[in-house]
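Subject: Structure handover

Hello,

Here is the structure you are taking over.

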Protein chains: 2
Amino acid sequence: MSGTHTDVPSVVAADLPRPVPASEHDACPVSEVLRRIGDKWTVLVIVLLGKRKHRFNELHRSIEGLSQRMLTRTLRSLERDGLVAREVYPTIPPSVEYGLTPLGESLLTPLSALADWAVAHADEMSAARGRAG
Amino acid sequence: MSGTHTDVPSVVAADLPRPVPASEHDACPVSEVLRRIGDKWTVLVIVLLGKRKHRFNELHRSIEGLSQRMLTRTLRSLERDGLVAREVYPTIPPSVEYGLTPLGESLLTPLSALADWAVAHADEMSAARGRAG
DNA sequence: CAGAATCCTTATCGATACTG
DNA sequence: CAGTATCGATAAGGATTCTG
């Protein structure tokens with residue numbers, strides 16, 4: 001409660017990706033989550049925001065190869081899903097900080113489990129692909 | 001060691017998806033794994049195979065909306081990554097069984113963690129998207 | 001049964017240029 | 001600084017037809 005920021009979500013439609021078709025049944029919630037975070041940049045952003053809050057260009061500089069457009073889209077998606085909070089400080093020039101919500105923080109745990117698995121078995125997977133890929 | 005099957009991987013190129021560009025750095029192994037299993041059908045297949053072995057058409061019937069083409073591609077990718085094993089029984093008509101490898105089985109654990117998270121927070125996410133989606 | 005081949009639609013992503 | 005707008009390339013996914 002100390003800042004002068006306006007914690008307003010960026011409701012503007014922009015060109016957000018689909019909110020995940022979710023069409024039909026989708027009996028598997030895991031699939032839905034994976035479709036959300038399984039894209040090219042989302043986890044990278046989550047991991048960075050898991051350490052501390054970041055400003056837009058800070059994220060942009062930290063993640064090599066990430067375009068401005070994709071960073072915006074990624075952040076908007078995360079915001080829409082309630083995983084990331086956006087704080088706008090109406091200064092000149094504007095300053096925007098992104099951080100994880102409690103929901104976003106809670107995702108770090110299962111994500112770490114997957115990270116551990118990935119690190120532990122990366123060699124096995126690449127070996128398998130070496131044989132047949 | 002009891003069957004008469006030939007446990008031959010289907011090395012035929014077919015029209016497999018990219019083995020994940022993996023181009024450049026890719027400092028994050030989590031991202032790589034998520035790109036592999038984050039597609040539309042992979043986890044569904046893994047979960048089913050986690051219960052028991054399945055035949056091709058058995059999987060096809062079990063997963064509504066999954067086309068033959070995508071099932072083949074999904075299985076080939078999983079096979080290439082060493083997560084799924086393919087056993088061909090040279091009968092007439094042919095019979096092919098798919099099952100998880102030990103590596104595939106080991107993925108079930110972190111996947112379950114993510115599944116639990118997804119189930120626990122599905123309502124929060126849809127609530128967030130209800131507000132802004 | 002278990003696929004391969006082909007065609008076509010749509011979604012995803014990146015590059016570039018512009019703005020309050 | 002923190003975006004938006006537009007465009008083009010490519011990848012993912014689906015439908016259909018055919019085969020050993």
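Contact here means heavy atoms within 4.5 Å. By that rule, 40 residues of chain B touch 40 residues of chain A.

Some background before the rest. This is a predicted model, in which local features need pLDDT of at least 70 and side-chain atom pairs count only at pLDDT 80 or more, while totals for chains, interfaces and linings use all residues. Residues are numbered from 1 along each chain as its sequence is written, chains are lettered from A and ligands numbered from 1 in the order in which they are written, and side-chain values use heavy atoms, with hydrogens and water left out.

**Chain B against chain A**

The two chains bury about 3800 Å² between them, 75% of it on carbon and sulfur atoms. Buried area is the accessible area (1.4 Å probe) that two parts lose on being put together, summed over both. On the chain B side, the residues that lose the most area to chain A are B:Leu114, B:Trp117 and B:Arg129, together 17% of what that side buries.

B:Arg129 also forms a salt bridge with A:Asp81 through their side chains (3.4 Å, N to O). A salt bridge is a side-chain nitrogen of Lys or Arg within 4 Å of a carboxyl oxygen of Asp or Glu, and the count between chain B and chain A is 4.

Which elements of chain B give two or more residues to the side that touches chain A? They are α1 (29-37), α2 (42-51) and α5 (102-132); helices are DSSP runs (H or I, at least four residues) and strands likewise (E, at least two), numbered from the N terminus. The largest share, 17 residues, comes from α5(B).

**DNA strand C**

A residue is near the strand if one of its heavy atoms lies within 4 Å of it. DNA strand C is surrounded by 23 residues, and the closest are A:Arg18, A:Lys40, A:Arg69, B:Arg86 and B:Tyr98.

An N or O atom in the side chain of A:Lys40 is 2.7 Å from a phosphate oxygen of DNA strand C.

α4(B) gives the most to the surface near DNA strand C, with 4 residues.

Regards

Definitions and conventions. A polar contact is a pair of N or O atoms within 3.5 Å; within protein, one must be able to donate a hydrogen and the other to accept it, and residues adjacent in sequence count only if both atoms are side-chain atoms.
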